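Please look through the sequence and the model below before reading on. The briefing that follows takes its features topic by topic.

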Amino acid sequence: MDATFGADDWQELLARELRLPVRVTFGRARRNVLVARPENGGFHVRLSAMFASAPPDVRDAVVRWLRSGRRAKRAARLLDDWIAKAADELPPARRRAFEPRPRGEHHDLDALAAQLRPEPLDEELLPRDRWPPLTWGRRGRTGARRSLHLGSYDADQQLVRIHRVLDQAAVPAWFVRYVLFHELLHAALPPERVGGRTVFHGPGFRERERAYPDYERAKEWQAKNIDRLLRSARTGSVLRPHRRPREVVRAVQGLLFG
């Protein structure tokens with residue numbers, strides 16, 4: 001095994017083998033350790049720094065995976081196995097000095113999470129000493145146009161982060177509580193390795209989630225409002241509450257008849 005195979009080496013290898021323009025960058029990711037996106041008729045490949053010590057067969061597997069995706073089943077299995085082993089050998093992530101910010105302008109995450117105890121998150125499922133800190137995400141607009149991560153659980157930092165776009169008066173507290181439940185469920189039920197893949201939402205997770213009392217109502221509200229949330233996150237505009245039909249009629253009557 002080579003001592004190191006840096007970003008420039010990877011870039012040269014992939015460009016030569018794929019016969020396409022390739023830009024390679026190294027990062028510190030511990031989950032999405034291999035990400036490829038189209039760029040200028042080729043790829044931008046972002047690799048975890050662990051790939052600096054990848055052996056030749058893993059390099060070949062990356063080439064085959066970039067050519068054919070999951071159709072390159074043997075390469076995908078080899079990559080999954082090597083990544084899992086390499087990730088286990090990584091040193092523990094250094095925790096940055098961080099002060100959680102659970103209290104928002106409209107919703108208090110700690111107060112909402114307290115409503116999840118003892119049900120549906122009982123002591124057996126998620127002991128009190130394993131509850132991660134809760135915080136709102138940073139302020140600022142996002143470039144997201146098609147998808148929006150309303151919450152996340154960082155297993156390395158042991159932290160639940162909720163997107164700031166939900167800290168608005170027009171977002172029901174019970175919906176924010178559901179998003180908190182989903183992320184805390186990740187803390188209670190770690191991902192599983194199935195067939196060489198890491199599964200974050202396995203059958204046990206989905207069963208627990210569907211049993212949540214507000215599950216159907218939350219999914220319906222999210223489906224109806226996701227476009228508005230995306231627009232609010234992208235532009236910084238305030239999310240306005242939906243008017244009920246009777247309120248719309250009264251507003252129109254007020255304009256017509258004063």
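**Briefing on the predicted model**

β5 and strand β6, which covers residues 159–162, pair in the antiparallel sense over four bridges, where two strands count as paired if DSSP finds at least two bridges between them. Helices (H or I, at least four residues) and strands (E, at least two) are DSSP runs numbered from the N terminus, and the protein has eight helices and eight strands. This is a predicted model, in which local features need pLDDT of at least 70 and side-chain atom pairs count only at pLDDT 80 or more, while totals for chains, interfaces and linings use all residues. Residues are numbered from 1 along each chain as its sequence is written, and side-chain values use heavy atoms, with hydrogens and water left out.

**Overall figures**

- Of the 258 residues of the protein, 39% count as buried, where buried means under 20% relative accessible area, exposed means over 50%, and partly exposed lies in between (1.4 Å probe, protein chains only).
- The protein exposes about 16500 Å², and carbon and sulfur atoms supply 49% of that area; accessible areas come from the Shrake-Rupley method with a 1.4 Å probe, and for residues only the protein chains shown count as cover.
- Among contacts between residues at least 6 apart in sequence, 62% join residues at least 24 apart, a contact being heavy atoms within 4.5 Å.

**The sheet of β4, β5 and β6**

- Strands β4, β6 and β5 form an open sheet in the order β4-β6-β5, with mixed pairing.
- β4 (134–136) and β5 (151–154) stand at the edges with a single partner strand each, so one side of each has no neighbour in the sheet.
- From one strand to the next, the twist averages 20°; the axes behind such angles are lines fitted to C-alpha atoms, for helices over the stretch in contact, and angles run from 0 to 180 degrees between N-to-C directions.
- Within this sheet, D154 stands opposite L159 in β6.
- Q158 is found in the loop between β5 and β6, and its phi is near 50°, a positive value in a residue other than glycine; with a relative accessible area of 39%, Q158 is partly exposed.
- T135 is found in strand β4 and counts as buried at 0% relative accessibility.
- A polar atom of the T135 side chain lies 2.8 Å from the backbone nitrogen of R101.

**The sheet of β1, β2 and β3**

- A further open sheet of three strands has the order β1-β3-β2, again with mixed pairing.
- Its edge strands are β1 and β2 (34–39), each of which pairs on one side only.
- Neighbouring strands of this sheet are turned by 20° against each other on average, direction ignored.
- β1 and strand β3 (residues 42–48) pair in the parallel sense over six bridges, and the bridge partner of F26 in β3 is L47.
- Helix α2 (residues 56–68) lies across β2 and β3 and runs at about 45° to β2.

- L18 lies in helix α1 and is buried, with a relative accessible area of 12%.
- Not counting residues up to four places away in sequence, L18 touches F43, V63, L66 and R67.
- L18 and G42 are 24 residues apart in sequence and 8.8 Å apart in space, C-alpha to C-alpha.
- R19 lies in the loop between α1 (7–18) and β1 (22–27), has a positive phi near 55° although it is a residue other than glycine, and counts as exposed at 78% relative accessibility.

**Helix α5**

- Helix α5 (residues 173–188) has 16 residues, which at 1.5 Å a residue should span 22 Å, and its end C-alpha atoms are 22 Å apart, which agrees; the expected span is 1.5 Å times one less than the number of residues.
- Since 15 of the 16 residues of α5 are buried, the helix is largely enclosed by the rest of the structure.

**Cis peptide bonds**

- Most residues other than glycine have a negative phi, and most peptide bonds are trans.
- A cis peptide bond joins R117 and P118, with omega about -5°, and P118 has its place in the loop between α4 (109–114) and β4.
- A cis peptide bond also joins E119 and P120, with omega about 5°, and P120 is found in the loop between α4 and β4.

Note on methods
A polar contact is a pair of N or O atoms within 3.5 Å; within protein, one must be able to donate a hydrogen and the other to accept it, and residues adjacent in sequence count only if both atoms are side-chain atoms.
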